[in-house]
Amino acid sequence: MDPELEAARPAPAPLQAIRALAVGSLAALIVLLVAWDLRFAHTPSSPAWIAVKVAPLCLALTGLLRHRMYTYRWMSLLVWLYFTEGVVRAWSDPAPGRWLAGVEIALCLLLFAACALHVRQRLGWGRKR
């Protein structure tokens, strides 16, 4: 089926909710990482390092907003790098950073679940047609 025709059809409500969850958790993760490294980090990071760290997430955000299946797939793999960073920082940072790391971990798990569900639902939705 033509991808443009498939994109023109409205998606079912559960798929729209999963998309919103994925986009929302990714946007929250971007905001958290930028705010954490600029304001709340024990040792502030340079803006260049923050840009390198957040750039893949910003690229993924554009793909998620355009409903690209490929982006949902690779984001479900990339999110584990940020999850690992959250686990390390939860273990090693002092108290305020530890709480922010917990939020990062939760956002990563939420993003992974939303991406995995989206791929599964969308592949199933295509088979039903």
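I began with the charge over a ring: R89 lies over the face of W36, at 3.8 Å from the ring centre. I keep in mind that this is a predicted model.

I then searched the whole structure for aromatic pairs, and the search gave 2 of them. One is formed by W80 and F83, whose arrangement is edge-to-face, with 5.1 Å centre to centre and 80 degrees between the planes. When I placed these residues in the secondary structure, I found both W80 and F83 in helix α4, which covers residues 69–92, and they sit 3 residues apart, about one turn of the helix.

I next followed W80 to F112, and noted that this aromatic pair is tilted, with 4.9 Å centre to centre and 55 degrees between the planes. Because W80 belongs to helix α4 whereas F112 belongs to helix α5 (residues 95–128), the pair ties together parts that are 32 residues apart in sequence.

Putting the pairs together, I recorded W80, F83 and F112 as one aromatic cluster, in which W80 pairs with F83 edge-to-face and with F112 in a tilted arrangement.

Key: Residues numbered from 1 in each chain as written. Predicted model: local features only at pLDDT ≥ 70, side-chain atom pairs only at ≥ 80, totals over all residues. Heavy atoms only, no water. Phe/Tyr/Trp six-rings, centres within 6.5 Å; stacked < 30°, edge-to-face > 60°. Helix = DSSP H or I, 4+ residues; strand = E, 2+ residues; numbered from the N terminus. Lys NZ or Arg CZ within 6 Å of the ring centre and 35° of its normal.
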